[in-house]
Amino acid sequence: LRLCSTREGVTVEEGLATVNTMLQAKVKYLWVPALLYYACCMATEMSFSQLFHHLETFIKDVHQRWKIVLRIKCGLPDPARDLGGCGKDQAYFAGAVEVLSNLETIDFHLLYSGKVCVDELARIQRLARRDCLKLPHFLLDQEAYRKKLRHMAAVNNIVSLHRRKETKRTSSPTRHRTRNMAAKFAVSAPNLKNGPEPPKKGLLNRRKASPNVLTYSRKYMWASG
């Protein structure tokens with residue numbers, strides 16, 4: 001298992017905190033965590049002042065904008081000029097996306113049994129002690145909790161990985177059926193090699209009395225009239 005101080009462990013922990021904080025919000029947009037993630041990315045290309053003026057498009061409050069830039073640029077030898085910054089604020093949005101993307105397969109009671117990552121749940125399933133867990137009140141009904149997370153994922157346009165696999169499985173037979181139907185009802189050009197030969201000019205006789213009546217030779221044993 002990974003250590004608690006690793007990037008993956010911090011990401012899952014902060015992602016759960018972000019998701020649980022947004023449960024009580026009226027509008028469940030992950031706007032602030034996404035903005036922090038974006039600001040950390042732009043800090044690698046901008047200085048303190050450049051990032052401060054760049055975030056004016058999203059944050060009009062000068063004091064709030066100053067706090068965000070200061071959190072990102074702290075720890076640098078020269079925060080006013082140096083590029084880069086602290087990327088810990090990216091864990092909030094990255095962790096929330098990871099939790100919402102795997103919410104169909106995560107056993108949240110098992111996830112709360114220790115500081116573990118999402119991909120480590122299968123390894124601790126037999127060893128985890130669930131009888132002594134004290135779960136939060138919003139997690140007592142896991143299905144209701146999962147339903148709220150589905151709504152949050154839909155609001156933020158986050159598609160579950162489990163549903164992506166189901167979509168691929170259902171789409172492949174549909175494609176095969178579409179191809180079969182297209183091949184069945186396709187209008188192809190007539191095969192002139194295997195088709196009947198047209199009557200020759202010598203076999204066609206037009207009568208003077210009734211020019212609209214055509215009489216064919218013995219090869220074609222019918223007459224139109």
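Visitor: Which element gives the largest share of the lining of the largest pocket?

Guide: Helix α1 does, with four residues. Helices are DSSP runs of H or I, at least four residues, numbered from the N terminus. This is a predicted model: local features need pLDDT of at least 70, side-chain atom pairs count only at pLDDT 80 or more, and totals for chains, interfaces and linings use all residues. Residues are numbered from 1 along each chain as its sequence is written, and side-chain values use heavy atoms, without hydrogens and water.

Visitor: What volume does the largest pocket have?

Guide: A pocket is an open set of points on a 1 Å grid over the protein atoms alone, where a 1.4 Å probe fits, with protein on both sides within 12 Å along at least five of seven lines; lining residues have an atom within 4 Å of a point. Here the volume of the largest pocket is about 230 Å³. Its lining has 14 residues, and E13, L16, G114, K115 and V116 are the closest to its centre. By class, eight are nonpolar, three polar and three charged.

Visitor: Which elements give two or more residues to the lining of the second largest pocket?

Guide: Those elements are α2 and α4 (62–73). Helix α2 gives the most, five residues. The lining includes W31, V32, P33, L35 and L36, as well as Q64, K67, I68 and R71. T18, I59 and Y92 also line this pocket. The volume is about 190 Å³. Its lining holds eight nonpolar, two polar and two charged residues.

Visitor: How many salt bridges does the structure hold?

Guide: Five. The test is a side-chain nitrogen of Lys or Arg within 4 Å of a carboxyl oxygen of Asp or Glu. R150 and E104 pass, with their closest N and O atoms 2.7 Å apart. This pair links distant parts of the chain, 46 residues apart: R150 sits in α8 (142–155), E104 in the loop between α5 (90–101) and α6 (108–111).

Visitor: Which residue forms a salt bridge with D107?

Guide: R130, at 3.0 Å between the closest N and O atoms. R130 lies in the loop between α7 (121–124) and α8, and D107 in the loop between α5 and α6, 23 residues away.

Visitor: Is R7 buried or exposed?

Guide: Buried means under 20% relative accessible area, exposed over 50%, partly exposed in between (1.4 Å probe, protein chains only). R7 counts as exposed because its relative accessibility is 63%. Its salt-bridge partner is E8, at 3.3 Å, N to O. E8 is at 30%, so E8 counts as partly exposed. R130 is partly exposed at 38%, and D107 at 23%.

Methods
Points joined across faces, edges and corners; volume = space filled by probe spheres on them. Nonpolar A, V, L, I, M, F, W, Y, C, P; charged D, E, K, R; others polar.
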